[in-house]
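Please read them with the coordinates open.

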Amino acid sequence: MTTDTPLDRIDDDDYPAYTMGRAAEMLGTTPAFLRALGEARLITPLRSEGGHRRYSRYQLRIAARAREMVDQGTAIEAACRIIILEDQLEEARRINDALRGGEVGADHKADA
């Protein structure tokens, strides 16, 4: 059994290390923008014991994608939906590729 140390969290993309204020500052946006991403269900920040929103590096990368689209004139709701659909498509492709890889392996075994 392994134990989590504070140093392990440094490299963890899913660790909620950033407060809303710090996340907004890093993205060059406002806390309201981050709240809107949450309302659109693009990202769901974790909550600290005090109830404050905390964001991971992974979530900040997604928020940065949304910010780029919004900066180019896309409505925030549309940007969120596009990113969700892009991610779903990528996941479906990954699964499809994995299944095809498994089928190819099964065909080779049948030919042997």
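1. Terms for exposure come first: a residue is buried under 20% relative accessible area, exposed over 50%, and partly exposed in between, with a 1.4 Å probe and protein chains only. The model is predicted, with local features needing pLDDT of at least 70, side-chain atom pairs counting only at pLDDT 80 or more, and totals for chains, interfaces and linings using all residues. Residues are numbered from 1 along each chain as its sequence is written, and side-chain values use heavy atoms, with hydrogens and water left out.

2. Overall content. The protein has five helices and three strands, in the order α-β-α-α-β-β-α-α from the N terminus. Helices (H or I, at least four residues) and strands (E, at least two) are DSSP runs, numbered from the N terminus.

3. Surface and contacts. Of the 112 residues, 21% count as buried. Among contacts (heavy atoms within 4.5 Å) with a separation of 6 or more, 58% join residues 24 or more positions apart.

4. H2 against H4. Helix H2 (residues 20-27) packs on helix H4 (residues 57-71) at an angle of about 50°, the axes being 10 Å apart. This makes H2 oblique to H4. Axes are lines fitted to C-alpha atoms, for helices over the stretch in contact, and angles run from 0 to 180 degrees between N-to-C directions. Angles under 35 degrees count as roughly parallel, over 145 as roughly antiparallel, 65 to 115 as roughly perpendicular, and the rest as oblique. Ala23, Met26 and Leu27 of H2 meet Leu60, Ala63, Ala64 and Arg67 of H4. By class, the residues of this contact of H2 with H4 are six nonpolar, no polar and one charged. Here Ala, Val, Leu, Ile, Met, Phe, Trp, Tyr, Cys and Pro count as nonpolar, Asp, Glu, Lys and Arg as charged, and the others, Gly among them, as polar.

5. H2 against H3. The axes of H2 and helix H3 (residues 31-39) come within 8 Å and cross at roughly 100°, so H2 and H3 are roughly perpendicular to each other. On the H2 side are Met20, Ala23, Ala24 and Leu27; on the H3 side, Pro31, Leu34 and Arg35. The contact of H2 with H3 again holds six nonpolar residues, no polar and one charged.

6. H3 against H4. What is the angle at which H3 and H4 pack? The angle is about 105°, with the axes 11 Å apart, which makes H3 roughly perpendicular to H4. Phe33, Leu34 and Leu37 of H3 make the contact with Ala63, Ala66, Arg67 and Val70 of H4.

7. Arg41. This residue lies in the loop between H3 and strand S2 (46-47). Most residues other than glycine have a negative phi. Arg41 counts as exposed, at 69% relative accessibility.

8. Arg57. Arg57 is in helix H4 and counts as partly exposed at 28% relative accessibility. Leaving aside residues up to four places away in sequence, Arg57 touches Ile10, Asp11, Asp12, Asp13, Tyr15 and Tyr18. The C-alpha atoms of Arg57 and Pro16 are separated by 7.6 Å, while the two residues are 41 residues apart along the chain.
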